[in-house]
Amino acid sequence: MGKTGLQLSVLSFGSWVTFHKQIDDSISDELMGIAYDNGINFFDNAEVYAAGESEKMMGRALKKKSWDRTSYIVSSKAFFGWRGKQNKPNQTGLSRKHLMEACHEALQRLQIDYLDLFFCHRPDKAVPIEEVVWTMNILIQQGKILYWGTSEWSAAEIMEAHRVAAQLKLIGPAMEQPQYNLLEREKMEKEYVDIFRTVGMGTTIWSPLASGLLTGKYNNGIPEGSRFALEGFDWLVQRWLQEDKLERVRKLTAFAGELGTPVSTLAIAWTIANPNVTTAILGATKKEQLVENLKALEVLPKLTPDVLQQIDEIVGTKPALPEY
Ligand SMILES: NC(=O)c1ccc[n+]([C@@H]2O[C@H](COP(=O)([O-])OP(=O)(O)OC[C@H]3O[C@@H](n4cnc5c(N)ncnc54)[C@H](OP(=O)(O)O)[C@@H]3O)[C@@H](O)[C@H]2O)c1
């Protein structure tokens, strides 16, 4: 993972939207089992997912599995709190109080002794970066977390954390969790490029399928039971279900057909083809989805420079870089 010594599987498994909201203990248990048996060693979570219920569900599954704790990696993320509209001051954000308490609560819910990865789920303009860096280092010293990182921070914010960490002789952020998929490329391919080149950074990618849009399942409307049909996710539908995006996915679906692969598998393979990607976190509500998505590893060798160029021409989303 980036410049660390930690080994993450190139595909991993996450619980946002799905755990508790869409799937119960038996399905989450089955999906985590399929993931682990196929070599996935990283399971992603956050305090805010299903108001803490997602961590509890993952914790129950991990307890039941009795896998050797040294064989897998678990994360949590703090920032949003878990009480939704009931959040009081100090129950959200990146203050030492909230980061410490969020870490303790995540450990309890997940029924584990330490988090391998602990993320600042968003930047917090109200907290000095020194406080965040110090808190993460204290948690590392206490053995409650092993590596700390960021999610959806700007390059400037990440480098500021590194500047402060270097000045204080503390450990800086080791990984970032950005969105990265065929329709969302700016951060990974433009903004963070100098970070990869200089201090180095692992990346645990979220929404490699743009919440399912890149499976082609929304090409002709919203299927019943899908994420975009869920109550309370209108914001996500508004974000993704736009005609120009759908048109790109339709063309991409036809192209994937010519390559003899489902577009979902092609889209995941495309994500992990970027050498700056450490792992792409998969989401799934059904066994068939996960099994299909794991085949991305088989599709990867088909992504020759020529095929990648054809994909760029179809989607037209490659960020322009300065010529100098
Ligand atoms: N750091 C952050 O801010 C952040 C934000 C979001 C997510 N994340 C992390 O990233 C993980 C993955 O994100 P994501 O769930 O948005 O990933 P995604 O891969 O973009 O979307 C996954 C969803 O797409 C549908 N799907 C997946 N494979 C499919 C297939 N083969 N055929 C048809 N439908 C398929 C399923 O939803 P339906 O069956 O319901 O349609 C599935 O739950 C999360 O679990 C979480 O751990 C982090």
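Reader: How far does a polar side-chain atom of Gln 177 lie from a nitrogen atom of the ligand?

Author: In this predicted model, a polar side-chain atom of Gln 177 lies 3.0 Å from a nitrogen atom of the ligand. For Ser 207, an N or O atom of the side chain is 2.6 Å from an oxygen atom of the ligand. As for cover, the ligand taken alone exposes 910 Å², of which the protein buries 96%.

Reader: Which residues come nearest to the ligand, and how is the shell made up by class?

Author: There are 32 residues around the ligand, and those that come nearest are Asp 44, Ser 207, Lys 217, Arg 227 and Thr 285. By class, the shell has 17 polar, nine nonpolar and six charged residues, while its largest share, three residues, comes from helix 11, which spans residues 287-294.

Reader: How many disulfides does the structure hold, and where does that leave Cys 103?

Author: A disulfide is a covalent bond between the sulfur atoms of two cysteines. The structure holds zero disulfides; Cys 103 is in none, and the nearest cysteine sulfur, that of Cys 120, is 11 Å away. Cys 120 is likewise in no disulfide, with the sulfur of Cys 103 as its nearest cysteine sulfur.

Reader: Is Cys 103 buried or exposed, and why?

Author: Buried means under 20% relative accessible area, and Cys 103 has 0% relative accessibility, so Cys 103 counts as buried. Cys 120 also counts as buried, because its relative accessibility is 0%.

Technical notes: Residues are numbered from 1 along each chain as its sequence is written. This is a predicted model: local features need pLDDT of at least 70, side-chain atom pairs count only at pLDDT 80 or more; totals for chains, interfaces and linings use all residues. Side-chain values use heavy atoms; hydrogens and water are left out. A residue is near a molecule or strand if one of its heavy atoms lies within 4 Å of it. A polar contact is a pair of N or O atoms within 3.5 Å; within protein, one must be able to donate a hydrogen and the other to accept it, and residues adjacent in sequence count only if both atoms are side-chain atoms. Accessible areas come from the Shrake-Rupley method with a 1.4 Å probe; for residues, only the protein chains shown count as cover. Helices (H or I, at least four residues) and strands (E, at least two) are DSSP runs, numbered from the N terminus. Ala, Val, Leu, Ile, Met, Phe, Trp, Tyr, Cys and Pro count as nonpolar, Asp, Glu, Lys and Arg as charged, and the others, Gly among them, as polar. A disulfide is a pair of cysteine sulfur atoms within 2.5 Å. Buried means under 20% relative accessible area, exposed over 50%, partly exposed in between (1.4 Å probe, protein chains only).
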